[in-house]
Amino acid sequence: MEKLEKYGKRAFFALLLALAIALPWIGLKLYQLRVLTLALAWAIAAVSLNLILGYTGQASLAHGAFLGIGAYTFGIFTERVGLNFWPSLLIAGLVTAFLGLLVGLPSLRTKGPYFAIVTLCFNVIVFKVFENWTWLSGGIQGQKVPCPSFLTQRWARYYFVLGALLLVLVVVRFIVKSLLGITFMSIRSNENLAEATGINSFRYKLLSFTVSCFIVGLAGALLAVENQHLDFTVTNYAYSFNLLVYVLIGGAATLSGPVLGAVGLYYFLDYVEKSLGEYRFVLFGFILIVAIIYFPRGMVGGLSRLWDWAKGRHASYRAREVTP
Amino acid sequence: MTILRVEGLTKRFGGLVAVNKVDFEVSEGSILGIIGPNGAGKSTIFNLVSGIIPPDEGRVVFQGKEVTGWKPYRMAREGIARTFQTTALFEELPVYVNLLIGYRMRTRSGLWDVVLQTPRARREKKEAAEKVMEVLAFTGLAEYAFRPAGSIPQEAQKRLAIGIALMGNPRLVLLDEPTGGVGMEETNGIIELIARIRERGITVCVIEHKMRMIMSLANRIVALNFGVKIADGVPQEVCEDRAVIEAYLGEQHA
Amino acid sequence: MSFFLNQVVIGIQLGSQYVMVALGLTLIFGILDISHFAHGHLYMLGAYLLYILTALAKVNYWLALPLCMIALALGGVIVERLVYRPLRDQPHINTFIAAIGLFLFLETLVRAVKPRAVSVSKPIDKTLSFAGFTIEVQRLIVIAGAVALVVLLHLFIKRTRMGTAIEAVAQDREGAALVGINVNRISMLTFAIATALAAAAAVLMAPLAFISPEMGSVLILKAFVIVVLGGLGSMQGAIVGGYLLGILEALAIAYVSSAYKDVFAFAVLILILAIRPTGLFKGRD
């Protein structure tokens, strides 16, 4: 049964990946390809938030700011400094990670909702700074972002972001399956016990937060490449909330949950843009409330519960067969 | 040989003196029982020795090294492991992961080891798995290995808490009411487990209410009342001590 | 000097709304252990209700004040029943996430219905000036209204049976349940009072500023800053902290920069937490 479950899961994700690779060739409109590319970039950001929120248990509401910081760092280094694509991408991640470290030092000493509030305060500060400091943000004109020659085609950008997402997923999988990932989870589960078990929880929270910020900085840079333009609204704290919704709806502390949540919701919201207009955002809050009350483990959690339920029925059926 | 020495340990909460100038010693490889009525300051002493709260006065000396006021994770690394009165586990994580967490402080693989899958990361993961197998067998938890810790029976949870403490190869374990809320039959299993811990050369300090159990198990007993040490000696002496009898009678009459 | 004092008075007026909002927040935290992040959005609903009543239905401002308070008190009770009660005994962070859901729901709903900011006119549109002071009458109304409500709340808590029960629950929830206090009733009452206070703050403040869907989000963050720094669950802390933040902010606007007026409080919070992770005053953990 365990084996079957494992292979079933593998087959499902292989199919999903095959579909993702085939999509540009099976009559997808160019516009839809763009929406999907953006959705995948958001998925990277959601995976990064999942590391600190889902696995380490610290609800960061500053990831909107860090996304914007990554995007701007990339934009500024490619357009104004004139650096190449790859070093700029790396710098975007490193600058974001460094700022994450600086923000984490005071804020990770607080716990639970207070950490969420302090990080949200930081996001509001960053947003206001980008709004008012036009030298940095380019003001209303914003910041142009050049596209490297190998990414001028839409499908090329799609595959690039898809590849980046897969790479990030592999790295995050390495982390969460390791003793390091288990350390993160111990803090989420019971921080006092983790401390009494020899784990310096502050240090590991800081590490998880910094890595998470590095990844979200990359996601911001990828968004910038796809849009080829940026303005200060990219640092909006509304994006922190969106990311939170993606992770929780998809399923926190699972590898696939944030990806499914981000791609699914982003694509869905775009799909209903014409029919629902502004009302589509109302769904966000509504879904979040319903989900946290009735499906606290998100979509993936719901699916695995369904699976357990089916398995349980099957098992009890077998048991009845055997017992006289 | 003394492994732990506590001198003049004092802790105040507001106007209340929870622990008042308490001294005691634990010799290596022995079992020390700590007894006393409710609110006598037993758990507070564990919290002070394991670094959960800093003492106001006094010293804690472990293996000849002063460790007073150290943070809990440093105490644990130094070799002082503990369990909590209300069984603390990583409830939603499987039993074997709970144990792995206990071994984490003995490993060194960091972010780069993990991301690049270095030989060290793989070696340590293997070592950790071996240690988990050993402790699962030692605590008799193998059948629960893949169950979430919060879902196994109360008594198995108590053994798991001890198992987590043993994972880090401690020199001293502090057990806070290891048989609290557990039936008579299962209590014997835990007593036997504690005895086997001593056989391994690990020193044990245990807070216990069940007098018969502590008398048969401990090499030495410290009795507390209102934060003050009222007796200290071999079980028979403490058992017959007037102050101890009065403290317990007082509790019954209140 | 009179410019300085003028700013201080404006600061007290700004602080008045912070006090009213932070008091509700700290009450809810102290009594129910809920980080009610959507509190500012109920405040926003109060302001919109005032707009509907006065600008559209032509109800007198002074009549609209109690109407808004009653309506929002009901709104608070509904929120407690529908959103928070199903999550009781769940991890704190789940409640907080539900609050964020409510926050997003209310803000996007109002924005979808009425995207542009609206305004209401002042009931007494006058400016007083004496001895170098100039101040709008509405600002004085805010200050006086806040003082009156805070005194009323204090009397309610100290002098009535219900109030005493609230205080008892705030100090020791399990103990209160043991002596037979109905915690469900208390939690509904607390939400009613807290939300009515927020509605009053909204009605008093509305004539001085635009009414917009996002007016609640920055306000609630500031209220949280006050509550965290003033000690969680401490009413005195909320009052002192609220006035202090108002005055500091008015002075910062006058002497430093108005573009960054909203971030001032947050920068202070992060700085203080960097030095003292548990806040300035000791409240509940």
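In what pattern do α and β elements follow one another when chain C is read along the sequence? In this predicted model, the order in chain C is α-α-α-α-β-β-α-α-α-α-α-α-α. Of the 285 residues in chain C, 51% count as buried. Among the contacts in chain C with a separation of 6 or more, 78% join residues 24 or more positions apart.

Chain A can be described in the same terms. Its secondary structure consists of 15 helices and two strands. For its 324 residues the globule rule gives 20 Å, and the radius of gyration of chain A is close to this at 21 Å, so chain A is as compact as a globular protein of that length. The C-alpha trace of chain A spans about 80 × 55 × 40 Å along its principal axes. Buried residues account for 53% of the 324 residues of chain A. Of the contacts in chain A with a separation of 6 or more, 80% are between residues 24 or more positions apart.

The mean pLDDT of chain A is 89, and 93% of the residues score at least 70. Helix H10 (residues 201-227) of chain A has the highest confidence in the chain, at 97, whereas helix H15 (residues 298-322) of chain A has the lowest, at a mean of 57. In residues 314-324 of chain A the pLDDT is below 50, and this stretch makes zero contacts in the model beyond near neighbours in sequence. Where pLDDT is low, the predicted coordinates should not be read in detail.

Two pairs of chains are in contact, and of these chains A and C share the most contacts. Chains B and C do not touch, and their nearest C-alpha atoms are 13 Å apart.

Between chains A and C, the contact involves 33 residues of chain A and 36 residues of chain C. On the chain A side, two or more residues come from each of helix H4 (85-107), helix H5 (113-132), helix H11 (237-250) and helix H14 (280-294). Helix H5 of chain A gives the most to this side, with 12 residues. The side of chain A that touches chain C is made up of 25 nonpolar, five polar and three charged residues.

Between chains A and B, 23 residues of chain A are in contact with 31 residues of chain B. On the chain A side, at least two residues are supplied by each of helix H7 (154-176), helix H8 (179-189), helix H9 (191-196) and H10. Helix H8 of chain A provides the largest share of the side that touches chain B, at seven residues. By class, the side of chain A that touches chain B has 13 nonpolar, nine polar and one charged residues.

Chain B is divided into domain 1 (1-79 + 173-186 + 203-254) and domain 2 (89-169). The C-alpha centres of the two domains of chain B are 28 Å apart. Eight residues of domain 1 and seven residues of domain 2 of chain B take part in the contact between them. On the side of domain 1 of chain B that touches domain 2, helix H2 (72-78) and strand E7 (172-176) of chain B each supply at least two residues. This side of domain 1 of chain B has five nonpolar, one polar and two charged residues.

The largest nonpolar core has 292 residues, and those with the most contacts inside it are A:Ala43, A:Ile44, A:Ala46, C:Ala198 and C:Ala200. Helix H2 (residues 30-55) of chain A gives the most to this core, with 16 residues. Domain 1 and domain 2 of chain B each contribute at least three residues to the core. With its neighbours within four places in sequence left aside, A:Ile44 is in contact with A:Ala164, A:Leu165, A:Val168, A:Ile215, A:Leu218, A:Ala219 and A:Leu222. In soluble globular proteins, nonpolar side chains tend to be buried together.

Conventions:
Residues are numbered from 1 along each chain as its sequence is written. Chains are lettered from A and ligands numbered from 1 in the order in which they are written. Helices (H or I, at least four residues) and strands (E, at least two) are DSSP runs, numbered from the N terminus. Ala, Val, Leu, Ile, Met, Phe, Trp, Tyr, Cys and Pro count as nonpolar, Asp, Glu, Lys and Arg as charged, and the others, Gly among them, as polar. pLDDT is the predictor's confidence in each residue, from 0 to 100. A nonpolar core is a set of buried Ala, Val, Leu, Ile, Met, Phe, Trp, Tyr and Cys residues joined through C-beta atoms within 7 Å. A residue is buried if 20 or more other C-beta atoms lie within 10 Å of its own, exposed if 12 or fewer, and partly exposed in between; C-beta atoms are placed from the backbone. Domain bounds come from an automatic or database domain assignment. The radius of gyration is taken over C-alpha atoms; the globule rule is 2.2 Å times the number of residues to the power 0.38.
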